[in-house]
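Subject: Structure handover

Hello,

I am passing on the structure we spoke about.

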Amino acid sequence: MKKFSIKNLILILLAITVAVTSVWLPGFLMHKDTQKYYNTVDDVPSEYYSGPSESIIANASRQLNQEQCIQLITGVWESKVSPASPEDCVFNEFGIKTLVINHVQDLYSKGLYPCNLSSNTDNWYTWEAHSFRALDSTFKTYAAYFWDITFIKYDNSETHRFIVSDQGDILYCEARVDEGMGVYTPDLSNAASLLTYYQSGQVSGSIVYYTTYTTEETDDKITSVTISNDTAYSFETNKVTTVDKKKIQKQIDNSSSFINDFTSFEPDDSIWLTQIGGTSGKIKYSISTKSTYNNYQMILIPEKAE
């Protein structure tokens with residue numbers, strides 16, 4: 001009887017121990033596992049979050065107007081630049097090359113570029129064009145496309161480089177001419193020609209229309225009126241102040257965000273180009289130039305709000 005009681009006691013104690021362990025042990029292990037990862041931060045795996053899909057980006061980007069695209073490209077609207085497929089752009093490589101040559105010819109005729117790239121027997125150029133995308137850094141949803149295109153004369157005596165929006169706006173240009181360009185001073189009164197340039201006909205399946213252009217000069221400003229694709233734009237050019245020059249110089253220094261291998265320069269001259277019309281109302285651009293005996297640079301940047 002005594003042996004039976006001891007045996008029962010042992011079984012009861014064993015059952016209690018198992019029950020207590022079953023209740024306590026999982027909580028202990030969970031707490032230990034929690035403490036192991038306490039204050040530890042890990043990156044979210046890409047399979048859990050990969051950002052908006054390319055189709056969402058494409059649809060959202062179609063809502064951007066010309067001015068917003070330029071802000072994205074130049075980094076005024078904070079963005080990250082990466083290579084893009086030409087298939088995502090309005091024009092292919094040949095189409096943008098044709099558009100740029102025609103645009104530069106227009107700038108040359110208006111005194112905004114020192115050379116004419118139209119081919120003749122003494123003026124043959126090889127060329128290469130690379131497409132890029134500027135994706136907004138905040139939402140990673142809005143993208144603007146642009147091109148970096150370079151022309152090199154057959155004897156390597158000239159190099160011409162252009163950063164061009166997907167619509168053909170020239171945001172940066174640089175000319176290197178070994179034989180020199182003489183004393184070249186651009187006619188910034190025609191600065192609106194850098195924007196809203198379109199040629200007639202079709203380029204790579206896209207219909208583009210010629211821009212009408214008129215200029216009126218008064219004592220304190222120059223006003224240009226253009227009509228592109230039935231949309232009227234008015235541009236005013238105005239001088240910049242000393243304070244403005246410092247702000248513009250800072251933006252030029254930061255332009256490596258969209259111009260690869262960019263070397264900043266201190267402008268000989270800068271102006272404000274104020275655009276009124278289109279879908280953005282009023283927007284202001286700075287246009288700055290630098291000329292030496294054999295080199296010329298021009299850059300267009302939207303004003304950045306303080």
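Below is what was found, from the whole chain down to single residues.

Please keep in mind that this is a predicted model.

The chain as a whole. There are 306 residues, of which 42% count as buried. They form five helices and 13 strands.

The core. The largest nonpolar core holds 67 residues. Ile96, Tyr113, Phe162 and Ile287 are the ones with the most contacts inside it. Strand β3 gives this core its largest share, seven residues. For Phe162, leaving aside neighbours within four places in sequence, the contacts include Val100, Val104, Tyr113 and Leu117.

Helix α2. This helix spans residues 54-61, and its buried residues are Ile57, Ala60 and Ser61. They lie on the same side of α2, because the arc they cover around the axis is only 95°. The cover over these buried residues includes β2 (125-136) and β3 (143-153).

Helix α3. This one runs over residues 66-74. Its buried residues are Gln66, Glu67, Ile70, Leu72, Ile73 and Thr74. The N-terminal end of α3 is capped by Asn65, with a side-chain oxygen 3.2 Å from the backbone nitrogen of Glu67. Just after the helix comes Gly75, which has a positive phi of about 85°.

Lys290. Is Lys290 buried, partly exposed or exposed? Its relative accessibility is 26%, so Lys290 counts as partly exposed. The residue sits in strand β12, residues 282-291. Asp268 is 22 residues away from Lys290 in sequence, yet the two C-alpha atoms are 5.1 Å apart. The side chains of Lys290 and Asp268 also make a polar contact, at 3.5 Å. Apart from neighbours within four places in sequence, Lys290 is in contact with Phe265, Glu266, Asp268, Asn295, Tyr296 and Gln297.

That is the end of the notes.

Regards

Notes. Residues are numbered from 1 along each chain as its sequence is written. This is a predicted model: local features need pLDDT of at least 70, side-chain atom pairs count only at pLDDT 80 or more; totals for chains, interfaces and linings use all residues. Side-chain values use heavy atoms; hydrogens and water are left out. Buried means under 20% relative accessible area, exposed over 50%, partly exposed in between (1.4 Å probe, protein chains only). Helices (H or I, at least four residues) and strands (E, at least two) are DSSP runs, numbered from the N terminus. The arc is that of the directions from the helix axis to the C-beta atoms. Contact means heavy atoms within 4.5 Å. A nonpolar core is a set of buried Ala, Val, Leu, Ile, Met, Phe, Trp, Tyr and Cys residues joined through side-chain atoms within 4.5 Å. A polar contact is a pair of N or O atoms within 3.5 Å; within protein, one must be able to donate a hydrogen and the other to accept it, and residues adjacent in sequence count only if both atoms are side-chain atoms.
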